[in-house]
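Hi everyone, thanks for coming. Let me put the structure up, and then I'll walk you through a few spots.

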Amino acid sequence: MILPPFELHNPNSVKEAIEISQKVKHEGFDYVSGGTDLLQNYKNRLNVKPHLISLTNIKETNSINDFNIGAMVTLDEISKNKILQNNFAGLVEACSQVGSILVRKTATIGGNVLIDNRCYFYNQTPFWRTSLGSCLKAEADACRVIPQKEYCVATFSSDSAPMLVAVDAKYELEGKDGKRIIKSGDFYTHDGIKRNFKDESEIITKIKIPKRTADLKTGYEKIRVRDTFDYPLVSVAAALKINKDKKIEDINIVLGAIGTYPIKNTDTTNSFIGEKISNSIIKEISEKIQKKSQPYNNLTMPVSYRKKMVGVLCRRLLKRLTNS
Amino acid sequence: MSHTVGKKTPLVDGAQKVTGRAVYIDDIVLPGKVMLIGKILRSPFAHAKIKKIDYSQAKKLKGVFAVATAKDSENRFGVLPITKDETAFAIDKVTFIGDQIAAVAATDEETAIRALDLIKVEYEELPPILKPEKSLAPISHPDQKIQPWSKYEGNIFKTVNQSFGDVEKALKESAVVKNGKFSFNGVTHAFTEPMGVIANYGSDKKLTMWSSTQVPHYLHRALSEVMEMPMHRIKVIRPYVGGGFGGKSDPFPHEMAAAILSKKTGKPVKILFDRDEVFISNHGRHPTKTEMQMSATKDGEFTSLEIDALIDGGAWGSFGVITTYYNGVLSLGPYKIKNFNYNGNRVYTNKPASGAMRGHGAVNSRFAVETLIDEIAEDIGFDPCDLRIQNAYEPNSITANGFRITSCGIKECIEKVKIASNWDKKFKKMPYGKGIGIGCGFYISGSALPINWERMPQSTVHVKIDFDGGVTVHSLAAEIGQGSDTVLAQCVGEVLKCDMSRIRIYSKNTDTAPIDLGSYSSRVTFMAGLAAKRAAEEIKKQILNAASKIMSSPVENLELRNDQIIELKTKSSISFNEAVREALHDSGALHGKGHYQAPNLNPGLPRVNELRGKESEKGAPMGGSHKGAAAGLSPSYSMGAYVCQLEVDPETGLVNVEKVWAAHDCGKALNPLAVEGQIEGCIHMGLGQALMESFDYNRNTGRIENPNFLDYRCIPPTMMPDVDVFMVESADPEGPFGAKEAGEGPILPILPAVANAIYDAVGVRLRNLPMTPEKIISAIAKKK
Amino acid sequence: MTLIPFPNKKIGKKIVEFNINNEIVELAIKPNDLLLDVIRYKLNLTGTKRGCDMGTCGCCTVLIDDKPVLSCLTLAMQVQNKKIKTIESLQENENMHPVQECFHTEGGSQCGFCTPGFIMTSFALLKENNNPTREEVKEAISGNMCRCTGYIKIVDSIKKASEKIRGKESK
C-alpha cells in the first residue's frame with residue numbers, strides 16, 4: 001500500500017514547526033511524531049492533509065527531567081525509566097502495554113496522548129469504506145454507529161492519557177499564540193472528530209507530572225484479547241492515596257476505550273473519600289463505575305462484555321493497589 | 001543404519017531464507033524495466049448486476065497500458081473439474097463484496113490506483129443472500145440464483161447423503177445419547193506473504209507465469225483453458241512461497257487477470273495483493289453449522305454417529321465438493337463406529353468463497369465428535385482417555401464407510417499423552433479455573449482419488465546424475481515452507497546414501513519438473529516421497545551396475561554407504577563419483593524415474609482410472625461402491641492425540657493455555673525437525689481458531705469486518721503454550737520409509753482438547769468457535 | 001466516480017543521504033515514499049519483506065541506528081544521516097551470523113517470509129541482552145508475526161544463538 005502524496009517538513013525546533021504550520025495552514029497539515037498510528041490512517045487515506053510536519057528532529061522535547069516528560073520520548077523509554085518505575089508505576093504499566101514492542105520503540109508519549117479515536121467503520125481501507133458509503137468521521141455525513149449526523153462516537157484509544165488524567169497531569173503546549181499549560185482532564189472534548197481543545201498550531205512539548213504522584217499508588221489495567229498489537233477494548237487507570245489508618249485520602253479512577261474521551265469518575269469516587277478501604281468498598285466503587293459506563297458498539301468486542309470488564313478491572317486494580 | 005531419514009535436518013533451502021536471499025514473488029525483478037503494475041477493481045456490492053462498465057477515461061490516463069474486463073475472457077475455470085464456476089472477471093453480475101470486475105496495467109502503483117478511480121461501473125443492486133439457511137430454500141426469481149449454472153435447487157452447491165449400518169436401531173440399543181448444535185465461524189489462513197503473480201506473455205506467443213502458489217499444475221491447466229492456449233506454450237514458475245495452508249491452492253482470477261493484461265500489453269504485468277485483498281480472496285475454512293448426535297452403550301462402546309452439516313461456501317465452489325464430503329466422512333475414524341448417517345449441504349452465499357484450509361473439512365466435525373465423546377464419558381462414568389482407547393481402531397481395519405486403515409498408532413498416542421501430562425492426577429482434580437482436556441485427530445495422507453480423473457500418476461519424480469556427481473531431483477511438489485524439498489532430498493539421499501550436499505531439488509518450473517499435483521490434502525510426503533524413492537532406486541541400479549564392472553563383483557555384494565560403494569566381502573570401496581563416471585560410458589547422464597499412483601484400495605472393484613474421462617457424479621468405485629465412496633479414501637491415515645492444560649479467568653473469560661502434550665502418529669518422522677515444526681505450527685493455528693480467530697461478516701451486507709491483522713487475531717508468541725511433542729512412529733507399510741502425513745492432521749486434536757479442558761476448568765461447554773472471552777463468561781453466568 | 005479518489009498532487013523529490021549496510025547512498029526520494037519501498041524497490045534489497053502494510057506483522061523490520069523499526073510505517077525522508085541495517089548485512093564473508101545459523105539449524109524458519117524480520121529483531125535483542133530468558137525473548141519478538149512455526153522453534157533458535165554469541169565473546 002502506498003501513501004497518498006504530501007509535503008514533508010522537518011523543523012529543528014518547536015518555533016520552526018509552528019512557523020511552518022502557519023505557512024501551510026490554509027492547505028491543511030498534521031503534526032507527526034513516531035507516525036506508527038498516523039501513517040496507518042494515511043495509508044487508508046483517512047483525513048489526509050497535504051502537509052506533514054515531523055517533530056522527530058526537535059531535540060527540546062525528547063528527554064525526561066524529573067517529573068517532566070518530553071513529548072517526543074518513546075513509550076519504550078518510558079517503560080524502562082527507573083525513576084518513573086519507582087514513582088509513577090501506573091504510567092509505566094500503561095505505556096508498556098501499547099501496541100507491540102516494535103511500535104513502542106518508535107511511538108512517542110506526545111503522539112499517544114493525541115492518538116486518533118478509533119471505530120471499526122472508520123479504521124478500514126478505502127475500498128471497504130467505499131463499499132459501506134464511509135462515515136461521519138471520514139468521507140460521509142452520517143455516523144454508522146448511532147445513526148445521526150451531529151456527532152462522532154469513535155472510541156478514545158490512548159493508553160497513557162487515562163493514566164495522566166487520573167493524576168491530574170498537565171500538558172504543556174506551544175503554538176502560534178505562545179505557551180500554555182492545560183490540565184489533561186480538561187484537554188479532551190466529547191466529539192470523536194474534534195477530540196481535543198488544542199489549536200491546530202499547538203504542539204505538546206511536555207507532559208508535566210505533579211510531584212505528589214510519587215505519594216500515590218498508581219496502576220493501569222486494560223483488556224485486549226491478545227497481549228500485543230491490539231488497541232485497548234476497555235481500560236482503567238487508578239490513582240489512590242490511602243493513609244496509615246487505611247482510609248481513602250484521594251482516589252481517581254479514569255476509564256479509557258469507553259466513550260470518546262478519558263472518563264473521570266470523581267462524582268462517584270469523591271463520596272468514598274474518608275472511607276476505610278475494604279473489599280466491600282472496592283466492590284461498591286467498581287459496581288458504581290461499571291453501571292455508569294456506556295461503551296459504544298464500535299470495537300470488535302461486544303458492548304456488554306466491555307461494560308462488565310469495567311467493573312472487573314476496577315476491582316482488580318483497586319485490590320492490587322491497596323494490597324501492596 | 002539410517003543415513004538421513006529420522007535425523008533432524010535443516011531445510012535444504014533454509015540458507016537462502018535466513019540470509020534474505022530467497023526470492024519470493026514480489027522480489028522478482030525482470031530485466032529491461034518493462035514490468036507493469038496491475039491493480040484490481042472490486043465490487044462494492046455483495047450481489048448486483050453489472051449494467052455497464054466504462055473504462056474509456058482510465059485508458060486515457062498517462063501511464064496506463066491496458067484495462068481488462070470480462071470482455072477479454074469469459075472462459076470458466078475452477079480447481080475442481082466438476083464445478084468450474086469462476087471467470088477471470090465477473091461477467092453479468094458480482095456475487096460478493098470484493099469480486100473482481102476489471103484490472104488495469106500501468107507503469108506504477110499510483111497510476112494504476114488512479115486508473116481504477118476512473119473506471120465507471122453501473123450496477124443494479126440485488127438483495128444479497130447471506131444466511132446459509134436461506135440458500136437452502138428454493139428461489140422464486142432467477143435473480144436470486146447466485147451461480148446460475150448450479151444444478152441444485154435454490155442456492156445449494158452440493159448435497160451429500162451417506163448412510164451406513166442402522167442408526168435408528170443402534171440408538172434403541174444405546175444407553176447414552178448425546179447431541180449438540182455446533183457453529184463454527186470461518187477462519188482464514190493468514191499467511192505472512194500476500195499472494196502475487198507476474199505474467200509475461202512474450203512476442204513468441206508463449207506465456208510465463210510466476211505465482212505464489214501451492215498448485216502450479218492446476219494453475220497451468222486453468223491458464224490453458226482461460227487463455228485458450230495449449231499447455232505446452234505456458235510455463236508456470238513457483239518462486240519461494242511465504243506460507244499457503246490451503247489459501248494458495250486454487251487457480252485464481254488475479255492470475256488470469258495478469259495473464260490477460262500481459263497479452264494485451266505485450267509486457268510483463270505484476271499484481272501483488274494488499275493485505276485486505278488477501279482477506280477478500282479468503283478460500284478459508286467454511287463457516288459451518290453442525291448438528292451432531294453420538295450414542296454409546298453403558299459399557300462404553302460407541303454405537304452410532306449422526307451428522308447434519310450446513311456449510312457456508314460463499315460465492316464460488318473452490319474445493320467445496322470435497323469439503324462437503326470431508327465434513328462427514330472423516331468423522332468416523334479413528335473410532336470403530338458402525339452406524340453412521342451424514343447429511344451435508346454446502347450452499348452458495350454472497351460472501352468471499354471459502355475453500356481448503358489446513359485440516360480441510362475435518363476440523364469442525366472433529367471438534368464436535370471429540371466434545372460429544374467427553375460428554376458420553378462423563379455420563380457413563382468413563383475416563384475420556386480410556387473411553388477413546390477402548391473404541392480406537394487397530395492397525396489393518398476397514399471403517400464403516402470403506403476406508404482402509406493400515407498403520408494405526410492412535411492408542412499409543414493417547415497413552416503417551418495421558419502419561420506425560422499426568423492425566424490421572426489432574427483430570428477433574430484441579431482447582432476451579434484450571435483444567436485439562438484431551439482431543440484426537442484423524443486425517444488423510446493425500447486423496448487416493450485425484451480430482452482430475454486422468455490416467456496419470458499423482459506424483460512423478462525424475463532424478464539425474466551427471467559428470468559432476470550432483471544428484472538433481474525434478475518434481476513439481478510445491479515447497480511452501482513445510483519442507484517438501486527436504487523430504488524429496490531425504491528420500492533420494494536415503495536410497496543413494498550419498499553426501500546430502502550432492503542433492504539439489506528443482507521443483508519450481510513446469511517446463512522441467514514432472515507433474516506432482518501440488519501441496520494440498522497433505523499428500524506430498526507420502527506420494528512425492530514414494531515417487532522420489534522409486535526414482536532413486538532406479539538410478540541406484542545404474543550406479544551399482546557400473547560399480548560392479550569396476551570392482552568385478554556382483555551387484556548383490558555391493559552396498560552404497562556414505563558416498564561410497566562398498567564390497568561387502570572384501571571391504572574394498574570406490575567413490576560415488578567413480579561409479580557415476582563409469583556409468584556415464586555409452587549412455588551419458590544417468591536418469592531415474594519414479595512415480596506414485598494410489599493403489600486400488602478395494603480389489604473387487606475396477607480402478608478409477610478405468611473410468612477415464614468420465615466426470616460423472618456416480619462416484620468412483622474405490623473402497624466402497626456407494627456414491628462418493630472415494631472421498632476421504634487415502635492410502636494411509638495419520639492420527640493424533642493431544643492433552644491441553646489451561647487456566648480460565650472466570651471473570652474476564654481470558655484463557656491462558658499453559659501446556660500441550662502432543663502425540664502425532666506420522667508413521668515415520670523423516671525429518672523430526674520439520675515434523676515437530678508442523679505440529680507446533682498446527683497447534684498455533686488450532687488455538688487461534690479455538691480462541692480468537694474469526695472471519696467476521698457483517699450480517700446485513702456480507703462485508704468482511706476485519707480484513708487486517710489487527711482485528712483478525714492470531715495467537716502471539718507470548719500466548720503460545722509450551723509444547724511437548726511425541727512423534728509416534730507406527731511404520732506405515734506403504735509410505736516412504738514408513739512415513740505418512742504430518743502437515744494437516746496435527747491441527748485436529750487441539751481444538752477439542754481446549755474445549756474439553758475449558759469444561760474441566762469452569763464447567764461450561766462451548767459449541768461456537770471461537771470460544772472468545774465474552775462467550776465464556778456468558779456461559780459461566782448462565783450456568784449459575 | 002469513486003468515493004475516495006487517490007489525491008492528485010505533484011510533489012517534488014529531495015536528495016536523502018544515509019548509510020545502509022555500511023554503504024553511503026544518495027537517493028532522490030519523495031516525501032510519501034516509505035522506507036520499506038525504497039529499500040526493496042530502489043535499492044533492490046529484497047530481503048526485507050512486505051506483509052501487512054500496517055505494522056502488524058513485523059516482516060518489514062530493519063535496524064535504524066541499532067533500533068528495530070517497522071519500515072512500512074517509516075518515511076524514507078526521515079532516515080537522513082542515519083545508519084540502516086537490513087538482513088543482507090548480517091553475514092560476514094562466507095559465514096552466516098550466529099542468529100542466522102541458528103534459525104536455520106533449529107527450525108526457526110519454515111516458509112522463511114517472516115524470517116528476516118525476526119532475525120533483525122533478535123539481532124537487536126542479543127546486542128542489548130546476550131542472555132535473555134525465554135520470557136524475555138518472547139516479549140522481544142512479540143511485534144513479529146509467524147504463521148508457520150508457532151514461535152516455539154523461533155525462541156529455541158534465539159536462545160541457541162545467544163549461547164553461540166556468548167561462547168564467541170568469551171574467547
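Let's start with F229(A), which counts as buried at 7% relative accessibility; buried here means under 20% relative accessible area, exposed over 50% and partly exposed in between, with a 1.4 Å probe and protein chains only. F229(A) is not a glycine, yet its phi is positive, about 65 degrees. You'll find F229(A) in the loop between β9 (217-223) and β10 (234-242) of chain A; helices (H or I, at least four residues) and strands (E, at least two) are DSSP runs, numbered from the N terminus.

Before I go on, this is a predicted model: local features need pLDDT of at least 70 and side-chain atom pairs count only at pLDDT 80 or more, while totals for chains, interfaces and linings use all residues. Residues are numbered from 1 along each chain as its sequence is written, chains are lettered from A and ligands numbered from 1 in the order in which they are written, and side-chain values use heavy atoms, with hydrogens and water left out. The predictor gives the complex an ipTM of 0.98 and a pTM of 0.97.

S134(A) also has a positive phi, near 60 degrees, and is not a glycine either. S134(A) is buried, with a relative accessible area of 0%, and lies in the loop between α8 (126-132) and α9 (160-166) of chain A.

Four bridges join β2(A) to β3(A), residues 51-54, and Y31(A) has I53(A) as its bridge partner.

Now over to chain B and the largest nonpolar core, with 246 residues. By nonpolar core I mean a set of buried Ala, Val, Leu, Ile, Met, Phe, Trp, Tyr and Cys residues joined through side-chain atoms within 4.5 Å. V754(B) is one of those with the most contacts inside this core. Beyond its neighbours within four places in sequence, V754(B) is in contact (heavy atoms within 4.5 Å) with residues including C644(B), L646(B) and M771(B).

Last stop, the cis peptide bonds: one runs from L769(B) to P770(B), with omega near 0 degrees. P770(B) is in the loop between β29 (768-769) and α19 (773-783) of chain B. Another joins G333(B) and P334(B), with omega about 0 degrees. Thanks, happy to chat!

How values were computed:
Two strands pair if DSSP finds at least two bridges between them.
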